[in-house]
Amino acid sequence: MSLSQEEITELKKNLYKEKERVENEINRITKPSLSGKYEPIFNEIGQDEDENASEVEEYTDNVAIENTLEKQLKEINMALDRIKSNSYGRCEKCGTEISTNRLQAYPAAKKCITC
């Protein structure tokens, strides 16, 4: 059972929608750097020790979130590339088809549920 063109179109639409959401979230907490990567924004709240602790905690949280979002964006872009190269929907490890249910739940899936 391979994916129909209609299913691929729907999954592609979902990937683009998720890509937009992730990019908006990244842009909310980061600024682009010269290297093409993102750098979390460091908000200066004030000079008080408690305010400085809050700044550091927020920055640390944003670094973790930014890393997760960048990983998601990379996976989405890789899935879109697989659609272009007609290799979408195949497990990168064992080569079997990834179930439609799995792709609907996570359109950027690279592996079947077994792998």
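Colleague: Where do I start? How many helices and strands does the protein chain have?

Modeller: Start with the elements and their order. This predicted model has three helices and two strands, and along the sequence they run α-β-β-α-α.

Colleague: What can I say about helix 1?

Modeller: Compare its reach with what you'd expect. Helix 1 has 25 residues and spans 36 Å from first C-alpha to last, close to the 36 Å expected at 1.5 Å a residue.

Colleague: Which residues in helix 1 are buried?

Modeller: First, the general idea: an α-helix has 3.6 residues a turn, so residues three or four places apart point the same way. Here, the buried ones are Ile8, Leu11, Leu15, Val22, Ile26 and Ile29.

Colleague: And how much of the protein chain counts as buried?

Modeller: Of its 115 residues, 28% do. The largest nonpolar core has 20 residues, and Leu3, Leu15, Val22, Ile83, Tyr88 and Leu103 have the most contacts inside it. Helix 1 (5-29) and helix 2 each give this core at least two residues.

Colleague: Let's pick one of those. What is Tyr88 in contact with?

Modeller: Skip the neighbours within four places in sequence, then list what remains. For Tyr88 that list includes Leu3, Leu11 and Leu15, as well as Ile83, Leu103 and Pro107. Arg82 is on the list too.

Colleague: Arg82 is a charged residue. Where is Arg82 found, and what is the nearest side chain of opposite charge?

Modeller: Arg82 is in helix 2, which covers residues 49-84. The nearest side chain of opposite charge is Glu92, at 5.5 Å. A salt bridge needs the atoms within 4 Å, and Arg82 has none. What Arg82 does touch, beyond four places in sequence, is Ser87, Tyr88, Ala108, Ala109 and Lys110.

Colleague: Last one: how do I read contacts across the whole chain?

Modeller: Ask how far apart the partners sit in sequence. Among contacts with a separation of 6 or more, 47% link residues 24 or more positions apart.

Terms used: Residues are numbered from 1 along each chain as its sequence is written. This is a predicted model: local features need pLDDT of at least 70, side-chain atom pairs count only at pLDDT 80 or more; totals for chains, interfaces and linings use all residues. Side-chain values use heavy atoms; hydrogens and water are left out. Helices (H or I, at least four residues) and strands (E, at least two) are DSSP runs, numbered from the N terminus. Buried means under 20% relative accessible area, exposed over 50%, partly exposed in between (1.4 Å probe, protein chains only). Contact means heavy atoms within 4.5 Å. A nonpolar core is a set of buried Ala, Val, Leu, Ile, Met, Phe, Trp, Tyr and Cys residues joined through side-chain atoms within 4.5 Å. The expected span of a helix is 1.5 Å times one less than its number of residues.
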